[in-house]
Amino acid sequence: MNAQLEVIEGKYVATLEGEMDTAAATEAEEVLKPLYNSDGKDVIIDCNGLEYIASSGLRILLGILKAAKASGSKVTLRGVNDDIKNVFKLTGFISIFEFE
């Protein structure tokens, strides 16, 4: 699992690659911690390279979404493949996240 975070044109852009299983989610959360305090900056989570996500990864994304909305930020998931999108459908998260 590889997670990177940068600010591009006033937005946080997080890039997730590989498999976000339980062990990797803990490491990814450390990289993504600044997103819990996005200070009104919109957040884009690039999932083009994400191959798998466990419930612990979903929990992290949900926490980021809740914190971002509380500060007036918008969270968008970009490049989510069909398998991962199916996980979002099965959990009901498909209706609370924005996808592009």
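Phenylalanine 93 is buried, with a relative accessible area of 17%, where buried means under 20% relative accessible area, exposed over 50% and partly exposed in between, for a 1.4 Å probe and protein chains only. The model is predicted, so that local features need pLDDT of at least 70 and side-chain atom pairs count only at pLDDT 80 or more, while totals for chains, interfaces and linings use all residues. Residues are numbered from 1 along each chain as its sequence is written, and side-chain values use heavy atoms, with hydrogens and water left out.

**Aromatic residues**

Rings of Phe, Tyr and Trp (for Trp, its six-membered ring) pair if their centres lie within 6.5 Å, and planes under 30 degrees apart count as stacked, over 60 as edge-to-face and the rest as tilted. By this rule there are four aromatic pairs. One of them joins phenylalanine 88 and phenylalanine 99 in an edge-to-face arrangement, with 5.5 Å centre to centre and 90 degrees between the planes. This pair links distant parts of the chain, since phenylalanine 88 belongs to helix α3 (residues 82–91) and phenylalanine 99 to strand β5 (residues 98–99), 11 residues apart; helices (H or I, at least four residues) and strands (E, at least two) are DSSP runs, numbered from the N terminus. Phenylalanine 88 is buried at 1% relative accessible area, whereas phenylalanine 99 is partly exposed at 24%. Phenylalanine 93 and phenylalanine 97 form a tilted pair, 6.2 Å centre to centre with 40 degrees between the planes, and phenylalanine 97 is buried at 5% relative accessibility. Phe88, Phe93, Phe97 and Phe99 form one aromatic cluster.

**The nonpolar core**

A nonpolar core is a set of buried Ala, Val, Leu, Ile, Met, Phe, Trp, Tyr and Cys residues joined through side-chain atoms within 4.5 Å. The largest such core has 28 residues, and Ile45 and Phe88 are those with the most contacts inside it. At least two residues of this core come from each of β2 (11–20), α1 (22–32), β3 (43–53), α2 (55–70), β4 (75–78) and α3, and the largest share, seven residues, is supplied by α2. Leaving aside residues up to four places away in sequence, isoleucine 45 touches Ala14, Leu16, Leu61, Val75, Thr76, Leu77 and Arg78, contact meaning heavy atoms within 4.5 Å.

**Salt bridges**

The whole structure holds four salt bridges, each a side-chain nitrogen of Lys or Arg within 4 Å of a carboxyl oxygen of Asp or Glu. The table gives some of them.

| Side chains | N to O distance |
|---|---|
| Glutamate 29 and arginine 59 | 3.8 Å |
| Lysine 33 and glutamate 30 | 3.2 Å |
| Glutamate 100 and arginine 78 | 2.7 Å |

Because glutamate 29 lies in helix α1 and arginine 59 in helix α2, their pair ties together parts that are 30 residues apart in sequence; arginine 59 is partly exposed at 47% relative accessibility. Glutamate 100 lies in the segment after β5 and arginine 78 in strand β4, so this pair ties together parts that are 22 residues apart in sequence. Glutamate 100 is exposed, with a relative accessible area of 55%, while arginine 78 is partly exposed at 28% relative accessibility. Lysine 33 is also partly exposed, at 45% relative accessibility.

**The ends of α3**

At the start of α3, a side-chain oxygen of asparagine 81 comes to within 3.0 Å of the backbone nitrogen of aspartate 83. Glycine 92 follows α3, and its phi is positive, near 85 degrees.

How values were computed. A polar contact is a pair of N or O atoms within 3.5 Å; within protein, one must be able to donate a hydrogen and the other to accept it, and residues adjacent in sequence count only if both atoms are side-chain atoms.
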